[in-house]
Amino acid sequence: MGERRVRVVLEASGGETVRRDGVFTEFTVARRAARSGLIVLVSVGLALLFVPIPIIHLLAIPMILLGGIAVAIRQLSVLGRLGPLRIACPKCSALNRIGGGLGVRSMGPRTQSCESCRRELVVRLEPPG
Ligand SMILES: [Zn+2]
């Protein structure tokens, strides 16, 4: 449900591209809400760990709770998540981690820098083919 195959295109500035197949999972509204709720629960649990620690708890607890709420709100607008992949950089061939994480808020191309050579790479999702 909600899973579809995509072609992940990694493009470097000179026009070189590397393509690999990936799986994109679309989140339903219920799934987004469940993920947001889980993030709030985890941040509350994490904040509770700091209760017995004097002084640090004054700063750590509000920061963890505010951070958790901010991530939870962001999670409500996430469209879906690309399954984690390793794709070689078109320039230096080092494997880069693509996808995974908390998901994406738009299907448009996004940029990231190569984990090895630091060149800017454009990640694009295309229909399989
Ligand atoms: Zn590279």
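1. Buried residues make up 13% of the 129 residues in the protein chain. A residue is called buried if 20 or more other C-beta atoms lie within 10 Å of its own, exposed if 12 or fewer do, and partly exposed in between, with C-beta atoms placed from the backbone. The model is a predicted one, in which local features need pLDDT of at least 70 and side-chain atom pairs count only at pLDDT 80 or more, while totals for chains, interfaces and linings use all residues. Residue numbers start from 1 along each chain as its sequence is written.

2. Overall make-up. The protein chain contains two helices and seven strands, and from the N terminus on its elements follow the order β-β-α-α-β-β-β-β-β. The radius of gyration is 18 Å, well over the 14 Å given by the globule rule for 129 residues, so the chain is more spread out than a compact globule. Helices (H or I, at least four residues) and strands (E, at least two) are DSSP runs, numbered from the N terminus. The radius of gyration is taken over C-alpha atoms, and the globule rule is 2.2 Å times the number of residues to the power 0.38. Along its principal axes, the C-alpha trace spans about 55 × 35 × 20 Å.

3. The chain is divided into domain 1 (3-27 + 79-126) and domain 2 (30-76), with bounds that come from an automatic or database domain assignment. The C-alpha centres of domain 1 and domain 2 lie 29 Å apart. Of the contacts in the protein chain with a separation of 6 or more, 58% are between residues 24 or more positions apart; two residues are in contact if their C-beta atoms, placed from the backbone, lie within 7 Å.

4. Helix α1. This helix (29-49) has 21 residues and reaches 31 Å from its first C-alpha to its last, close to the 30 Å expected at 1.5 Å a residue. The expected span is 1.5 Å times one less than the number of residues in the helix. Buried in α1 are Ser36, Ile39 and Ser43. Seen down the axis of α1, these buried residues fall within an arc of 60°, so they line one face of the helix; the arc is that of the directions from the helix axis to the C-beta atoms. The buried residues of α1 pack against α2. On the other side of α1, the exposed residues are Ala30, Gly37, Leu38, Leu41, Gly45, Leu48 and Leu49.

5. Helix α2. Helix α2 (residues 56-76) has 21 residues and reaches 30 Å from its first C-alpha to its last, close to the 30 Å expected at 1.5 Å a residue. Its buried residues are Ile64, Gly68, Ala72 and Gln75. They cover an arc of only 60° around the axis, which puts them on the same side of α2. What covers them includes α1. The face turned away from the buried side carries the exposed residues Leu58, Leu59, Pro62, Leu66, Ala70 and Ile73.

6. The loop between the helices. Ile55 lies in the loop between α1 and α2. Its phi is near 65°, a positive value in a residue other than glycine. Most residues other than glycine have a negative phi. With 7 C-beta neighbours inside 10 Å, Ile55 counts as exposed.

7. Strands β4 (residues 85-88) and β5 (residues 95-98) run antiparallel and are joined by four bridges; strands pair if DSSP finds at least two bridges between them. Arg86 has Arg97 in β5 as its bridge partner. Six residues lie between the strands of this hairpin, and Ser93 takes a positive phi near 70°.

8. Lys91. This residue is placed in the loop between β4 and β5, and with 16 C-beta neighbours inside 10 Å it counts as partly exposed. Leaving aside neighbours within four places in sequence, Lys91 is in contact with Ala12, Glu16, Cys114, Cys117 and Arg119. Lys91 and Gly14 are 77 residues apart in sequence, yet 8.7 Å apart in space, C-alpha to C-alpha.

9. The hairpin of β6 and β7. Four bridges also join β6 (residues 110-113) to β7 (residues 120-126), and these strands run antiparallel. Thr111 has Val122 in β7 as its bridge partner. The hairpin has six residues between its strands. Arg118, in the loop between β6 and β7, has a positive phi of about 65° although it is not a glycine. With 10 C-beta neighbours inside 10 Å, Arg118 counts as exposed.
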